[in-house]
Amino acid sequence: MRPARILTLLTRPVIIVYALPWIMVLLILGTVTQRYAGLYISEHLFFSSFIFWFRGVPLPGMLSVLALLGVSLTAKIILKSPWRLPMIGTLITHLGALLLLLGGLLTAMTAREGNMVLAPDQSQSYFTDYHARELAISKNGNDIYIRSLDDLHSGDVLHDATLPFELKLQTLCRNCAVTPEQKLIGAAANKTDEANRAGITFNISGHNYAALESAPPLRIKIGKDDYNIALRKHAYSLLFTVQLNALSEDNYPATDIAREYQSLVTITDGAVHWQARIRMNEPLRYRGYTFYQAEIDQIGDRRLSVLAVVHNTGRAFPYIAGLVMAIGMIVHLIVSRKTAAP
Amino acid sequence: MRYKILLLVLIFVACVGAALFDYTHRYSDAKDPDEVTLAGQTVPNFTFKNSEDGKVYHITDFKNKTVLVNFWASWCPPCRRESHKLTAIAKKHPHDLVLVMLSEDDTEGKALDFARSLPITANVYIAWDGRIHTAQNIFQTYRYPETIIIQPGGKIQRKIIGEISDQDVAEIHAALH
Amino acid sequence: MKKIIFLLLLFFATAAQAADLNYDTFRTLPILHDGRVKPLESFARIYLLEISGAPTLPDESTPAWLAETLFNPAAAMQRPIFRIDQAPIIAMLKLSARPDHLYSYAEVTQAFEAQHDTVTTILKKPADARSTIENDFITRYAAAVDFFQLLNATALIAPSHITVTPNIAKLFNLPDNNPTALQLLAHQTDITARLNHIRRAKGERIKNYNADEKTIAKLAFYLTNVQMISADNHLFRTIPSAWGDQTWYAPWELISGGHGAPQSIQLLSDWQKLVRAYNAQDPTAWQTAATAIQTDTAAQTPIANWKLKLETYYQILNPIPVIAAIYTLAFLCFTVTAFRKNKLFTLSANVSLLTAAAIHGATILARMLILGRPPVSSLYESMLYVSFIIVALSLIFMRRRAEFLSISALLAAAILAISPVYAPQGDTMNVLIAVLNTNFWLATHVICITTGYGTTLIAGTLAHVYLFRPSPRMAAWLRRITLFALLFTALGTLLGGVWADQSWGRFWGWDPKENGALLIVLWLIWVLHGRMTAAMHDRAFAAWLAGANIVVALSWFGVNLLGIGLHSYGFTNAAAWGLGAFCGGEIIIIAALYILASLRLKSQGVSHAL
């Protein structure tokens, strides 16, 4: 088929007539699945996938449908839509929708989301991803070898110029449990993926070892060097340090209902120090990162401030797209009334 | 119809404007984590008879100094524990601070018996409140110990409920410098 | 607990029942409850609802009930108002079944006391491990505990009904012969010391004491008991703290927690006078004391008396059922005029609709004034608002078309009629939790999306009318209104994303409520595109548009049943069945209307789509 023909086919509105109901089906499936399997799995299956398999049949995931819609919309705007005054409102609205899709694409590809958990006076210059786990080997305190857990499979042999040994992976589990005999076994995934504890068992030079997330790292001494093998959530380094000075949880009088959460932090960026206040509904934005007050945790008698951190280049798109779509729809309402048939 | 749409848009803009106005004026009631709470009222005038010299004093006699009014009883262990901390504070600030210790014992004898064991300086006044009941009738204090901090000028700053802590002591010292 | 019943019966003797106390000021007195200051009327209704299943009693006004419970506990305990509906619970408590399901506190508390082990066993289990009947059992137990707290809320300032001998009165300088615990508290150490002395001298048997000594013994016993029954009583928070911590204290809590101050002496004394006035059934003293409390509390803390009065009237008038009834009347009148032109019915229809809309608008405005925030912050409040916006929009834009007004009246009446399901504890007007505590987003996103729900419902319902009576003009209206609905739902959903971005760092999180809103938007886009591209003819367009009602219902109410996500309120059987019935019914009705419309077209010999 010639490219022009394909493009023409892509501009046909029948695509929307079938794509939209399919998106609705995905939404319903994904929402109900959330109830039973949690958000992470539901997203993984339906919303962040190109294909999902149903009894051996491949069906389009959300990403495929959105991609199709994006291409179709672009083709339609360029090739088919009449750029004339009566249709100006519709055109602007469609443009807004396209912007939204593009922004979504940008966010999906580049956004980094995670959190920082700080105790008073604690400072940190990185934040950890919610989901991505990694295997990290460090030598004398410095990371020398890092692999994302998603890239690893059972049976892989890991070797590198920086490593004096070979690591033969045996088993991997997204969520592991420890048996009374101190063995690592796979467990059912938690509904909240953040609560899962990833683990691996592996073999180095004939000895079997295991590493578990949130457990003390495995120490191996070779010669004069200390090697630590740990499983952890992927950390993104910030270009600056955040220190928690104070946190407060303001409840409504005589109740446990929180009225407000806030943290007072100090940002240290090279020679620059400055204080900022982060509140629920009032985040801190600095150098492309945004810090939100997610919650305040209580562990024993210690209170911890949980700050959600996001770096999203596509952040402005939904705002712009929303504005454009709104303008488009209002314009269309006004214009179509003017040209309405009696 | 056009006008109606325009009207709608205007109303929407007005709402957003009002909301933005409110947004910039929000959180006036949320407090900073370290704000000091104040009762802010002038201390009501009351009298007491100092056990040392038998003279009757008014609280307003000490208007220009920081006054600690402490309610205690000899049968109350935290009261007994903190009495030395209080007299030590008084000793450290002989000219700026006055300590008035009102006893809620049921007899004057019991109050004086305990008072005799305390190392008091000239700015410490110990009185038996078992007859006049200043604690209950003027301060609504029924549990002991309680210490009320009154700033120079007579305004009540705050009340320490229960035994005075080391942090309270540090704060009182800090305020007097 | 048994001891306590005995104590109450002994010391709080029954006062004569009289109906001549004026409760107008009393019912507006402020109390801190659930995080905000509200009038006693609201407070009383919440607890009367919890205890007896309704916020009012047939034979007594709610504030009168509250006054009796607070100030004459002995009588209040005997009144059969504690409701137990479930037969298994009645059996567990070994109570006799009654046709009206009402028991007195005295009966109920004895029953719970006897089943103390059962209570402890159930309480030990985590909430989701309990069966439905166990949860209901604990709910009734909690109601009994609340009742207990109310009965003893004013124990500190209640007359002890102990006649004090003249010697003792003089010794302790007691102002009244019938002292309250508050008046005795200053002398507690002295009384205890004297009693010990008497015991050592004359032994334990009170018979051997003289009159003065008997008095001492009674006073000591009384003080100990008041202390025991008042411990942990935090319910009646009517004394604002003078120490700047923005909270209010219950009488015993104020004293025993050391929160007293010179400023609160007058207030507590005022309440004490109120209690005495009630016990003496003295209308003048009662009114004076109530007014004094009102004035003195306002002097202590910045509360707006007009807000308290407004909320009191709101509660007494209970406007929502009234509004729903008038909407129903309007709908019926409109329906009559659809079949037979009649000036009287037309007039009645319009007047009732306008009246209901005016009261409805005033109600929402009143809520905004009372709570100091935009009117939609919970599912219940969204129902009040959506029903209003439906009527308001139809009055503004579709005033001349009777069928449009009729539809809006029906929708509003239906939504308001269902709303009590989502306010099981009554209209409690709750405070905002931290994540919602932003007037800006409540005013923009929430208002926008709920307006979207309203306009979509109008569009969906009008689509039913179209299928019943098609016309080209109506088809044009449908397209316009759908576009309007799309504008509000799309904008509202986008604003929701913006709020989420501002609050939690992500624009879209596939939260069930977000997905539901998106579903509505997509549905509207789909039917509009279907129509505009002629993939659907008018009848099909109308049929699918009518289905928007189902989508809105699922998005608005269905997501809560899932019990997950940021917007969930949990699963209830009634809600699930109701929703299922509505969706099922709608599908059948729409299908039927579509088939009928198609058949009608065929019989009229029209071969092509309109």
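User: How many residues of chain C are in contact with chain A, and how many residues of chain A do they touch?

Analyst: This is a predicted model, so local features need pLDDT of at least 70 and side-chain atom pairs count only at pLDDT 80 or more, while totals for chains, interfaces and linings use all residues. Residues are numbered from 1 along each chain as its sequence is written, and chains are lettered from A and ligands numbered from 1 in the order in which they are written. Two residues are in contact if their C-beta atoms, placed from the backbone, lie within 7 Å. On that basis the count for chain C is 43 residues, and the count for chain A is 41 residues.

User: Which element gives the largest share of the side of chain C that touches chain A?

Analyst: Helices (H or I, at least four residues) and strands (E, at least two) are DSSP runs, numbered from the N terminus. The elements giving two or more residues to this side are α22 (472-504) and α23 (512-532) of chain C. With 11 residues, the largest share comes from α22(C).

User: What is the make-up of that side by residue class?

Analyst: Here's the sorting rule: Ala, Val, Leu, Ile, Met, Phe, Trp, Tyr, Cys and Pro count as nonpolar, Asp, Glu, Lys and Arg as charged, and the others, Gly among them, as polar. Sorted that way, the side of chain C that touches chain A has 26 nonpolar, 14 polar and 3 charged residues.

User: How far apart are the centres of domains 2 and 4 of chain C?

Analyst: Chain C splits into domain 1 (2-14 + 41-154), domain 2 (166-300), domain 3 (318-431) and domain 4 (434-610), with bounds from an automatic or database domain assignment. The C-alpha trace of the chain spans about 115 × 55 × 50 Å along its principal axes. Between the C-alpha centres of domain 2 and domain 4 of chain C, the distance is 61 Å.

User: Is Q300(C) buried, partly exposed or exposed?

Analyst: Q300(C) sits in helix α15 (residues 283-300) of chain C, and its contacts beyond four places in sequence are P240(C), A242(C), Q263(C) and L267(C). A residue is buried if 20 or more other C-beta atoms, placed from the backbone, lie within 10 Å of its own, exposed if 12 or fewer, and partly exposed in between. Because Q300(C) has 18 C-beta neighbours inside 10 Å, it counts as partly exposed.

User: How does α2(C) lie relative to α16(C): oblique, parallel or perpendicular?

Analyst: Helix α2 (residues 40-52) and helix α16 (residues 305-317) of chain C pack at an angle of about 40°, with their axes 8 Å apart. Axes are lines fitted to C-alpha atoms, for helices over the stretch in contact, and angles run from 0 to 180 degrees between N-to-C directions. Angles under 35 degrees count as roughly parallel, over 145 as roughly antiparallel, 65 to 115 as roughly perpendicular and the rest as oblique. So α2(C) is, relative to α16(C), oblique.

User: Which residues of α16(C) make the contact with α2(C)?

Analyst: The residues on both sides divide into 1 nonpolar, 3 polar and 3 charged. From α2(C) come E41(C), S42(C) and R45(C), and from α16(C) come E311(C), T312(C), Q315(C) and I316(C).

User: Which residue takes a positive phi in the hairpin of β1(C) and β2(C)?

Analyst: Strands β1 (residues 30-33) and β2 (residues 36-39) of chain C run antiparallel and are joined by 4 bridges; two strands pair if DSSP finds at least two bridges between them. L32(C) stands opposite V37(C) in β2(C). The hairpin has 2 residues between its strands, and the one with a positive phi, near 55°, is D34(C).

User: Over to chain B: which strands stand at the edges of its open sheet?

Analyst: This sheet of 5 strands has mixed pairing and the order β5-β4-β3-β6-β7. Its twist averages 15° from one strand to the next. Each edge strand has a single partner, so one side is left without a neighbour in the sheet, and these strands are β5 (124-128) and β7 (156-161) of chain B.
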